[in-house]
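Subject: Structure for your review

Hello,

Below is the structure you were going to look at, with its sequence. My notes on what was found in it follow.

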Amino acid sequence: MFHDISANMQQVMHALEEQTVRDQRSLRSVAVDMGRCLSLLAMSAPQGAFLELGSSGGYSSLWLSLAARAKGVTLTTVDLDENKVALARENISLAGAGDSVEVFHGNALDYATRFKDIAFCFSDIEPPEANAEVYEQVVPRLMSGGWLVIDNVTSPRVQTALLNRAHNDARVDCVLLPFPKGDLVCRKI
């Protein structure tokens, strides 16, 4: 999967990586290793809906598109910021991933409730505290063996409530990955 990334996609990914280094606050893309991790987790998901809450510039969408294409599903990604939606659409198109990714403008929490059988969901929304509600909306909709990955969970306001909830939730197995801002990875039992 990683060895077959097209030259166009590599070029777009590299440009987004450089932009993130210059201005992490505006783009807020995940790290390269996190993108690769997301793609691997998504490949191991059962057949079902792929959802990304918080598109930003489309960087994580591109990594997830690799798994979506390989599994024959479409990734639905949504962002509340119209400028980021436009940027994600442009980058996904330039990378040649438009056949496996649909980008929508809207509220992530609204989109989280539109799917019944979620196989994979990545949430990277603002403010990070809103991910507690994402967790409550997505976990009941996850298929057995499905994944929920939530970025930016190690801020003091998020960590206590959300991490305790996930660690004590008998519906999922979870782990906190020490990527830059912490990523909670949950698998539905």
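The chain contains eight helices and seven strands. Please keep in mind that this is a predicted model.

Overall shape

A compact globule of 189 residues would have a radius of gyration near 16 Å, and the value for this chain is 15 Å, so the two agree. Along the principal axes, the C-alpha atoms fill a box of roughly 45 × 35 × 30 Å. Of the 189 residues, 52% are buried. Among contacts with a separation of 6 or more, 74% are between residues 24 or more positions apart.

Strands

I would start with β4, residues 118-123. Six of its six residues are buried, so the strand is largely enclosed by the rest of the structure. It pairs with two other strands. With β1, residues 49-53, the pairing is parallel and runs over five bridges; there, Glu52 stands opposite Phe122 of β4. With β5, residues 142-151, the pairing is also parallel, over five bridges, and Ser123 has Ile150 of β5 as its bridge partner.

β6 and β7 run antiparallel and are joined by six bridges. Cys174 stands opposite Cys186 in β7. The hairpin has five residues between the strands, and Gly182 takes a positive phi near 80° in it. Pro180 also lies in this loop, between β6 (172-177) and β7 (183-188). With a relative accessibility of 71%, Pro180 counts as exposed, because the cut-off for that is over 50%. Its C-alpha atom is 9.1 Å from that of Thr154, which is 26 residues away along the chain.

Helices

Helix α1 covers residues 7-22. Its 16 residues should span 22 Å at 1.5 Å a residue, and its end C-alpha atoms are 23 Å apart, which agrees. Which residues of α1 are buried? They are Met9, Val12, Met13, Leu16 and Thr20. These residues cover an arc of only 100° around the axis, which puts them on the same side of α1. The face turned away from that buried side carries the exposed residues Ala7, Gln11, Val21 and Arg22.

Helix α5 has 13 residues and reaches 18 Å from its first C-alpha to its last, close to the 18 Å expected at 1.5 Å a residue. Lys84, Val85, Ala88, Asn91 and Ile92 are its buried residues. Viewed down the axis of α5, they fall within an arc of 135°, so they line one face of the helix. Glu82, Asn83 and Ser93 are exposed on the other side.

Ala95 is in the loop between α5 (82-94) and β3 (101-105). What does Ala95 touch, leaving out residues up to four places away in sequence? The list is Ser6, Asn8, Met9, Val12 and Leu62. Met9 and Val12 are also among the buried residues of α1. The C-alpha atoms of Ala95 and Ser6 are separated by 7.8 Å, although the two residues are 89 apart along the chain.

Ala108 is in helix α6, residues 108-112. At 11% relative accessibility, Ala108 counts as buried. Not counting residues up to four places away in sequence, Ala108 touches Leu53, Val78 and Ile125. Leu53 is 55 residues from Ala108 along the chain, and their C-alpha atoms are separated by 5.3 Å.

Regards

Key
Residues are numbered from 1 along each chain as its sequence is written. This is a predicted model: local features need pLDDT of at least 70, side-chain atom pairs count only at pLDDT 80 or more; totals for chains, interfaces and linings use all residues. Side-chain values use heavy atoms; hydrogens and water are left out. Helices (H or I, at least four residues) and strands (E, at least two) are DSSP runs, numbered from the N terminus. The expected span of a helix is 1.5 Å times one less than its number of residues. Buried means under 20% relative accessible area, exposed over 50%, partly exposed in between (1.4 Å probe, protein chains only). The arc is that of the directions from the helix axis to the C-beta atoms. The radius of gyration is taken over C-alpha atoms; the globule rule is 2.2 Å times the number of residues to the power 0.38. Contact means heavy atoms within 4.5 Å. Two strands pair if DSSP finds at least two bridges between them.
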